[in-house]
Amino acid sequence: MGIYLNPGNDGFAEAIRSEIYVDKTGLIAYTNRYLCTEQKFICVSRPRRFGKSMALRMLAAYYSLGCDSGELFAGKKIEKEPAFGEHLNRYDVIFLNMQQFLIRAKGQSVTDYLEQTVLNEIRKVYGELFSKQETILAAALEQIYADTGKKFVFLIDEWDCVMRERQEAEELQKQYLDFLRNLLKDQPYVALAYMTGILPVKKYGKHSALNMFSEYSMTDQSVFEEYTGFTEPEVRELCQRFGMDFIKTKNWYDGYELTDFKHIYNPKSVVEAMRRHKFSNYWTATETYEALKIYMDMDFEGLKGDIVRMLGGGSVSVNTRSFQNDMHTFNTRDDVLTLLIHLGYLGYDSEEKEAFIPNKEIIEEFENAMSVGGWAEIMRVLKASEKLLGDTLSGDAESVAEGLDRAHSEAASILAYNDENSLSCAIGLAYYSARKDYRLIRELPTGRGFADIVFLPLPSVNKPALVIELKYDKSADTAIRQIKEREYIKALEGYAGEVLLVGINYDKNNKDKPHSCVIEKWVKDEQSIDN
């Protein structure tokens, strides 16, 4: 067992012995499918602490020669696959953690240090097959393959750390990418190359230096969706096992919406919440909010307004194709939004091509970043939202209208009302504090249309649900009438508590009191409305 060559199965053994282990061995079925094919180059990018390194340790345990990993995979999903035994511990594995090489190289070239270090270990096993003077890793591996026919599985962790931690060192980045291309591209000794990082492969000009890789990122995980984070059934099982409320867990950590798996949960936070039996900001605590604030303050083409819309529960369109896959080159607001998607601060709907803030944990991180300056008017709206919610729950429609007037006045420079959709985002922002106790649902299907905004109380929260209908240049009474006539309440069929109907209208021609509000209580048993 070596450090870089065939590192063994200790890392994976630690994972499955842990208090919480979620079986993701099904991923191996896909890597087996791509072994020794033209699709053998795989680059998987996900946010930090989303299980990338654990997946690599699992692959190392499965493929590494000299291990006996059968017992570790006993009873796991991969054991049921026909090709399980065919590839188990049959390949030489080269495991490279690029962050370690970047740190340890110091004054030396990163790639020179890597080649020297890895070659020293490979010489212990295959030294008689290549020259003692050989300093190029690719040349040594070519000779080993020529003499033995042996193929290697390459597992590369933190592949993009050079781009992230040496953001402006373009010459170093190009040298590094050229090294990887020479090591891997068109080389007969490669059985599989599986890279993980946060960013997709860096682009230079029209082409990528590593264009042989199939990329699976937060904008398109494709066949690896199930392995991006925890799925909803996996989280339900953990909640049952640890006695945690599933709906609260969903509100805190769900929100990464993929094509087939619509609910992917942050694995780091779910594990910590289960272990500690407490909901908190576990994932965001692994990095300071300043990292987010840097990008929030880049006000490309109204980026600030986009962030406010998302804080209000809305989504914003984003073109992810122009992003250069680094943390330095930003030309448009789309580039910044796309980076935030890859970093995990935003979710992405690939069908609608829209970005959004995924869950309560991330919302609070945005709030932390805004509290440090540059967002004073929005912070005043957020701080006033507690009173607005209280006025709504007490049925004080006049105070609600006045509160919305003030909120609009504060945010008008960033978020203008152009239609009912922008009004909906602004109202969501004004009711920001409600998300402590409520789940916000925009455009809830009702069978006869869509309720604009619904606030459903979380379990154990003794507060009424809110059904909010918005009108633009009409009347609040019209909004209430629409809720009743279209029977929006039927969408809350599984909800047995009290419901408040809230009609809000914005009159753009009334400069003094643009908002009006009507609040009524729906009494389920009497099938009637009480003023």
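Strand β1 (residues 41–45) pairs with strand β4 in the parallel sense, and 5 bridges join them; two strands count as paired if DSSP finds at least two bridges between them. Helices (H or I, at least four residues) and strands (E, at least two) are DSSP runs, numbered from the N terminus. This is a predicted model, in which local features need pLDDT of at least 70 and side-chain atom pairs count only at pLDDT 80 or more, while totals for chains, interfaces and linings use all residues. Residues are numbered from 1 along each chain as its sequence is written, and side-chain values use heavy atoms, with hydrogens and water left out.

- Strand β4 (residues 190–197) is mostly covered, with 8 of its 8 residues buried, where buried means under 20% relative accessible area with a 1.4 Å probe and protein chains only.

- A pocket is an open set of points on a 1 Å grid over the protein atoms alone, where a 1.4 Å probe fits and protein lies on both sides within 12 Å along at least five of seven lines; lining residues have an atom within 4 Å of a point.
- The largest pocket has a volume of about 1,200 Å³, and among its 48 lining residues Arg-48, Arg-49, Phe-50, Gly-51 and Lys-52 lie nearest its centre.
- Helix α3 gives the most to the lining of the largest pocket, with 6 residues, and the lining as a whole divides into 22 nonpolar, 10 polar and 16 charged residues.
- In these classes Ala, Val, Leu, Ile, Met, Phe, Trp, Tyr, Cys and Pro count as nonpolar, Asp, Glu, Lys and Arg as charged, and the others, Gly among them, as polar.
- The second largest pocket has a volume of about 1,000 Å³ and is lined by 30 residues, of which Gly-313, Phe-356, Ile-357, Pro-358 and Leu-440 lie nearest its centre.
- Strand β13 provides the largest share of the lining of the second largest pocket, 8 residues, and this lining comprises 11 nonpolar, 7 polar and 12 charged residues.

**Helices α6 and α9**

- The axes of helix α6 (residues 110–126) and helix α9 (residues 170–184) come within 9 Å and cross at roughly 35 degrees.
- Thr-111, Leu-114 and Glu-115 in α6 meet Gln-175, Tyr-176 and Phe-179 in α9, contact being heavy atoms within 4.5 Å.

How values were computed:
Buried means under 20% relative accessible area, exposed over 50%, partly exposed in between (1.4 Å probe, protein chains only). Grid points are joined across faces, edges and corners, and a volume is the space filled by probe spheres set on the points. Axes are lines fitted to C-alpha atoms, for helices over the stretch in contact, and angles run from 0 to 180 degrees between N-to-C directions.
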